[in-house]
Amino acid sequence: MKKVFWILSALFLFGACAETKKENKDELKKPNIIYILADDLGYGDIGAYGQTEIQTPNLDKMAEEGIRFTQHYSGSTVCAPSRSVLMTGLHTGHTKVRGNADVPFDETDITVAELLKSAGYRTGIIGKWGLGDFGTPGIPNKKGFDFFFGYLNQIRAHNFYPDYLWRNNEKVPLENEIVIADKGYAKGRGSASTNKKEYSHDLFTTDALNFVENSADSAFFLYLAYTIPHANNEHWLVDEHGMEVPDYGQYADKDWPEAQIGLAAMITRMDSDIGKINTKLEELGIDKNTLIIFASDNGPHSEGENDPTFFYSSGGLRGQKRDLYEGGIRVPMIAYWPETIEPGQTSDHISAFWDFLPTACDLAGVEVPENIDGISFLPELLGKEQAKHANLYWEFTEQGGKQAVRKDNWKLVKLDVLHPSKTRLELYDLENDPSEQYDVSDQHPDVLNEMTKLLISERTESEYFPLYNVK
């Protein structure tokens, strides 16, 4: 009888252990998610999207072995609101941050990091945050991130050689000596280095590699918000161009304007570091359980003496950073997930930054919050039937106020919203005119009327960024 008891006990324990192993295995099946965000990289700035001068072999390989999206949109045409959209799944008609003013997240803003953390993910952000400075409720460690290393303030992030960075809630002093701006919008925060010893981008890559290695045994989410190829807008402090990079590498002998050499060297440096991250994933044996998404926060800039037309950075699209034309908001997006995503795909699915949060929730098995604007694009990644947006909406409260809405292939742009006497509407047919050269509003009054209504219905008024409360 005792023998039977011990046999039954052993079988029970074996079954319990097997069930525990099964649960642990299921837990490990949750894919790691790495979201790499470039800063001011244009639609045409990498080889996979037509660039011929700037070399990006690692990103091009990811595009060849994954999915290249051709109709993906950023959250906004400038930094802070675009990142707010990415984190909250709300477009700029609903998210709190709609311009580049210092408006921090608070307790009511739910981020993708908070949702993934609730599913057991280890969460980290490395690079530029811009959604809450020290002393506010909007710092990363209060918004779902277990680990943070980088810049809290987006103006401080102009300088690639700062005097300090933040690691969680502690300042990490660097060896760079700086001059601080004493005038203009960057007064007291913008700066430039006089000795240029420690390059922040390189430090970000080192910490990213460490984060991946330290998180390899559990599901993790890494938001790698690089600052390349943004310019240091305070370059005038040291009488240099703003495309800061330690060396020009393979472009040193090019007969180009020096700022353009700097831009190319920055982008290729970033590409090389993305290659290092892929290699690290392979060495750890977790590359096949890791989804990498690469995108840019908005279109190319004309700052720091950079000329976005030199390399055809907008890729034939009209406009650049601060425009709501396609060149300001349509950005490259590459999704790479070995043995899960069918390689060699090009997708024309119309998607945007506010789709990332529900996609991440689907990947992690987390319930998608109600009342967000995003639609998960996980089905598109897996080759399944994909839901579509009824429309897409943007607003930008600088430069007199701008709005844009896309419905199917129609795109409406409203300019000078805050100056009624100057306000104008422009309607474009993106199927026949992707570079938005021909305003057809006079030819399609019914479409114009329908889409004008969307400019009102797709937004809520904001105390921080009013568009309609004009006095």
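Predicted model: local features only at pLDDT ≥ 70, side-chain atom pairs only at ≥ 80, totals over all residues.
User: How many helices and strands does the chain have, and what makes a run count as one?
Analyst: There are ten helices and 17 strands. Both are DSSP runs numbered from the N terminus: a helix is H or I over at least four residues, a strand is E over at least two.

User: How do you know whether the radius of gyration agrees with a compact globule?
Analyst: Take the rule, 2.2 Å times the number of residues to the power 0.38, with the radius taken over C-alpha atoms. For 471 residues a compact globule would come out near 23 Å, and the chain has 23 Å, so the two agree. The C-alpha atoms fill a box of roughly 95 × 60 × 45 Å along the principal axes.

User: Why is Ser84 called buried?
Analyst: Buried means under 20% relative accessible area, exposed means over 50%, and partly exposed is in between (1.4 Å probe, protein chains only). Ser84 has 0%, so it counts as buried. Ser84 sits in helix α3, residues 79-88. Leaving aside residues up to four places away in sequence, Ser84 touches Thr95, Val97, Phe105 and Leu131, a contact being heavy atoms within 4.5 Å. Across the chain, buried residues make up 59% of the 471.

User: What makes Glu240 and Lys196 a salt bridge?
Analyst: The rule asks for a side-chain nitrogen of Lys or Arg within 4 Å of a carboxyl oxygen of Asp or Glu. Here N to O is 3.1 Å, and the two side chains meet in a salt bridge. The pair links distant parts of the chain, 44 residues apart: Glu240 is in the loop between β9 (220-225) and α6 (258-284), Lys196 in the loop between β8 (191-193) and α5 (200-214). By that rule the count comes to 29 salt bridges.

User: Are those two buried, exposed or partly exposed, and why?
Analyst: Glu240 has 37% relative accessibility, so it counts as partly exposed. Lys196, at 26%, is therefore partly exposed as well.

User: What ties Glu213 to Lys280?
Analyst: Another salt bridge, with N to O at 3.0 Å. Glu213 lies in helix α5 and Lys280 in helix α6, so the pair ties together parts 67 residues apart in sequence. Glu213 is partly exposed because its relative accessible area is 40%, while Lys280 is buried because its value is 17%.

User: And why are Lys321 and Glu303 called buried?
Analyst: Lys321 has 6% relative accessibility, so it counts as buried, and Glu303 is buried because it has 12%. Their side chains meet in a salt bridge at 3.5 Å, N to O. Both residues are in the loop between β10 (290-296) and α7 (326-329), 18 residues apart.

Note on methods: Residues numbered from 1 in each chain as written. Heavy atoms only, no water.
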